[in-house]
Amino acid sequence: METIYQNSTDFILLGLITHPKFPGLIFAVVFSIFVVAVTANLVIIMLIHVDSHLHTPMYFLLSQLSIMDTVYICITVPKMLQDLLSKEKTISFLGCALQIFFYLTLIGGEFLLLGLMAYDRFVAVCNPLRYQIIMNPRVCLLMVLGSWAGGSLDGFMLTPVTMSFPYCGSLEINHFFCEIPAVLKLSCRDTSLYETLMYACCVLMLLIPISFISVSYTRILITVYHMSSAEGRRKAFTTCSSHIIVVSIFYGAAFYTNVLPHSYHTPEKDKVVSAFYTILTPMLNPLIYSLRNRDVAVALRKVLRKYASSQRLRVRHIPEKY
């Protein structure tokens with residue numbers, strides 16, 4: 001049978017569930033999660049911008065995490081929602097390449113940013129008197145730029161190589177977006193060497209921030225252990241707990257995807273895990289930080305009170321009609 005190379009044509013995304021019986025129900029659930037995720041992240045960004053009490057290094061880094069999560073979920077979910085309502089579930093070669101690039105950039109950037117946020121918590125708990133000096137605006141800006149640059153480096157390295165392989169025959173990607181392992185299964189050539197190198201690259205991208213997190217929280221635990229004040233321990237725990245929960249969720253899914261051997265993977269498991277950290281995680285992150293963070297809750301109440309007061313003033317100034 002003659003091999004036909006089709007690198008200039010469209011791929012077909014089979015979706016989260018290949019032949020869903022109730023696509024409308026899946027659409028409603030995913031759309032609801034998408035709306036909550038985008039709204040919650042935008043609210044976090046807005047609150048940090050307008051409330052002067054949140055103009056601190058920790059909240060600046062949190063605002064960047066929310067920006068990443070907002071862009072992150074917008075890369076895959078709108079296309080997934082479109083495919084649920086459409087008979088044609090195609091994605092162009094260029095569209096697939098862009099999806100891979102932005103996905104790698106955002107996930108790599110988030111890996112690094114979460115690691116640097118652990119360092120911020122270490123400085124806040126272990127060196128509180130020097131916190132403003134160490135975590136000055138220049139350092140915070142370098143942290144953010146480093147996270148975006150590190151993530152984009154991952155995207156620039158892996159995307160061109162992935163899309164340079166010839167793809168032939170059936171171009172049906174057994175996934176709801178162009179994730180590299182699912183795309184490589186369609187290649188006409190042996191990709192085992194590239195997959196090994198990519199595996200090493202992903203492990204390295206995980207080890208760097210995990211090292212930051214492990215060292216930072218080890219030092220934090222030692223410091224908290226030696227605290228004589230119960231109030232100090234409670235404050236340190238409150239400061240770090242939200243970040244620990246977010247890190248556990250995000251890195252747990254990343255560990256399965258990037259570290260476990262291929263024998264543990266199946267297309268169905270991979271899609272479920274991918275759905276967890278591309279759809280659910282961007283929704284959970286802002287909710288965890290807002291529900292467990294008193295400063296964010298206070299800022300939200302202040303904004304809502306201001307809005308309610310302005311609405312009452314508007315109603316009072318509306319002239320009565322006779």
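1. The term salt bridge here stands for a side-chain nitrogen of Lys or Arg within 4 Å of a carboxyl oxygen of Asp or Glu. Both Asp120 and Arg121 are buried; buried means under 20% relative accessible area, exposed over 50%, and partly exposed in between (1.4 Å probe, protein chains only).

2. A word on the model: it is predicted, local features need pLDDT of at least 70, side-chain atom pairs count only at pLDDT 80 or more, and totals for chains, interfaces and linings use all residues. Residues are numbered from 1 along each chain as its sequence is written, and side-chain values use heavy atoms, with hydrogens and water left out.

3. How many salt bridges does a search of the whole structure find? The search finds three.

4. Next, look at helix α2, where Asp83 and Lys79 sit four residues apart, about one turn of the helix. Helices (H or I, at least four residues) and strands (E, at least two) are DSSP runs, numbered from the N terminus. Asp83 and Lys79 form a salt bridge, with 3.1 Å between the closest N and O atoms. Asp83 is buried at 6% relative accessibility, and Lys79 is buried at 14%.

5. Finally, find Lys302 and Asp51, which join their side chains in a salt bridge (3.3 Å, N to O). This pair links distant parts of the chain, 251 residues apart: Lys302 lies in helix α10 (residues 294–316), and Asp51 in the loop between α1 (23–50) and α2 (57–85). Lys302 is partly exposed, at 28% relative accessible area, while Asp51 is buried, at 8%.
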